[in-house]
Amino acid sequence: MKPFIIVILILNSVVMTAQQKTISRKELLKTAIDQQIKSTEIQEITMAAGQGAPEHLHPCPVLGIINSGEAVFQIEGQQKVILHEGDAFYEPKNVKILHFDNASAEKPLVFTAIYLKEGSEENIKFIK
């Protein structure tokens, strides 16, 4: 009987350990990309406190995630939104981005941008 109890205790311990090491997934963004993707370029971009990007567009779709800080984000024809740390964003190909600005006057904004390329197009074109 003792070996059986020991086996049960060991199995129970294994199950509890496995439950503590589960992987969790949180969907951040789901979007359709209307192009063939042949390559990607990934950049970590840091904007100084209070810094804003000029109006621009991207010749390729861009996916991104805010690593730290907050951004004021606005695509032409849409409302301004505040992106917080951990938020994902999508900038469509050839659509004007009116705002991608650091929302803080005290802290830098750090984000990762993933450029989805068909060929050798530029990452960004400034309008102003």
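**Terms and values**

Analyst: A contact here means heavy atoms within 4.5 Å. This is a predicted model, in which local features need pLDDT of at least 70 and side-chain atom pairs count only at pLDDT 80 or more, while totals for chains, interfaces and linings use all residues. Numbering starts from 1 along each chain as its sequence is written, and side-chain values use heavy atoms, with hydrogens and water left out.

User: Why is Gln74 called buried?

Analyst: Buried means under 20% relative accessible area, exposed means over 50%, and partly exposed lies in between (1.4 Å probe, protein chains only). Gln74 has a relative accessible area of 14%, so Gln74 is buried. Its place is in strand 4, residues 71-75.

User: What makes Asn94 partly exposed?

Analyst: The relative accessibility of Asn94 is 48%, and therefore Asn94 counts as partly exposed. Asn94 sits in the loop between strand 6 and strand 7 (97-102). Its phi is near 60 degrees, a positive value in a residue other than glycine.

User: And what makes Asn67 partly exposed?

Analyst: Asn67 has a relative accessible area of 27%, so Asn67 is partly exposed. You will find Asn67 in strand 3. Apart from residues up to four places away in sequence, Asn67 touches Glu44, Glu85, Val110, Phe111 and Thr112.

User: How do you know that the side chains of Asn67 and Thr112 make a polar contact?

Analyst: A polar contact is a pair of N or O atoms within 3.5 Å; within protein, one must be able to donate a hydrogen and the other to accept it, and residues adjacent in sequence count only if both atoms are side-chain atoms. For the side chains of Asn67 and Thr112, the value is 2.9 Å, and they make a polar contact.

User: How do you know which strands pair with strand 3?

Analyst: Two strands pair if DSSP finds at least two bridges between them. Strand 3 (residues 62-68) and strand 6 (residues 88-91) are joined by 4 bridges and run antiparallel. Strand 3 and strand 8 (residues 109-117) are joined by 6 bridges and also run antiparallel. Among the bridge partners, Gly64 goes with Phe89 in strand 6, and Ser68 goes with Val110 in strand 8.

User: What counts as a helix or a strand, and how many does the protein have?

Analyst: Helices (H or I, at least four residues) and strands (E, at least two) are DSSP runs, numbered from the N terminus. The protein has 1 helix and 9 strands. From the N terminus on, the order is α-β-β-β-β-β-β-β-β-β.

User: What makes a set of residues a nonpolar core, and which residues have the most contacts inside the largest one?

Analyst: A nonpolar core is a set of buried Ala, Val, Leu, Ile, Met, Phe, Trp, Tyr and Cys residues joined through side-chain atoms within 4.5 Å. The largest has 15 residues, and those with the most contacts inside it are Ile66, Phe73, Leu83, Phe89, Phe100, Leu109 and Phe111. Strand 3, strand 4, strand 7 and strand 8 each supply at least two residues of this core, and strand 8 gives the most, with 4 residues.

User: How much of the protein is buried?

Analyst: Of the 128 residues in the protein, 29% are buried.
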